[in-house]
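Hi,

Here is the structure I promised to pass on. Please open it alongside this email; my notes follow below.

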Amino acid sequence: KKFNVELTPSLVVIKKNSTGWMPISVGVEPLSIVEQNLFRAIRLLNGNIKPQQFFMGEQEKGGFADPLAGVSS
């Protein structure tokens, strides 16, 4: 209930010693998608990226595909 899980299987990543958490997958997903979402969620929960950068590859940060490139924090 705390993580709004309504369907199984569901994967949720929880950041230790914080209130941060994020769903990784709901239902059956290919391993490659679960890995990508987990990597992105960890980066987001650790503050390495902003929510707008979630679907961006790590190598794209600051480049043309970065929605926050050139934007002051």
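This is a predicted model: local features need pLDDT of at least 70, side-chain atom pairs count only at pLDDT 80 or more; totals for chains, interfaces and linings use all residues.

**What I found**

Valine 28 sits in the loop that links E2 and H1. Is valine 28 buried or exposed? Its relative accessibility is 76%, so valine 28 counts as exposed, the cut-off being over 50%.

The mean pLDDT of the protein is 87. Of its residues, 96% reach 70 or more. Confidence is highest in H1, with a mean of 93, and lowest in E2, with a mean of 91.

Now the strands. E1 covers residues 10-14 and runs antiparallel to E2, with five bridges joining them. Valine 12 faces proline 23 of E2 across the pair. Together E1 and E2 make a hairpin, and six residues lie between them. In the turn, asparagine 17 has a positive phi of about 60°.

Next, the core. Which residues make up the largest nonpolar core? There are eight: Val13, Met22, Ile24, Val34, Ala41, Leu44, Ile49 and Phe54. Strand E2 (21-26) and helix H1 (31-45) are the elements that give two or more residues to this core. H1 gives the most, with three. In soluble globular proteins, nonpolar side chains tend to be buried together.

Leaving aside residues up to four places away in sequence, valine 34 touches Leu11, Ile24, Ser25 and Glu29.

Best wishes

Key: Residues are numbered from 1 along each chain as its sequence is written. Side-chain values use heavy atoms; hydrogens and water are left out. A nonpolar core is a set of buried Ala, Val, Leu, Ile, Met, Phe, Trp, Tyr and Cys residues joined through side-chain atoms within 4.5 Å. Buried means under 20% relative accessible area, exposed over 50%, partly exposed in between (1.4 Å probe, protein chains only). Helices (H or I, at least four residues) and strands (E, at least two) are DSSP runs, numbered from the N terminus. Contact means heavy atoms within 4.5 Å. pLDDT is the predictor's confidence in each residue, from 0 to 100. Two strands pair if DSSP finds at least two bridges between them.
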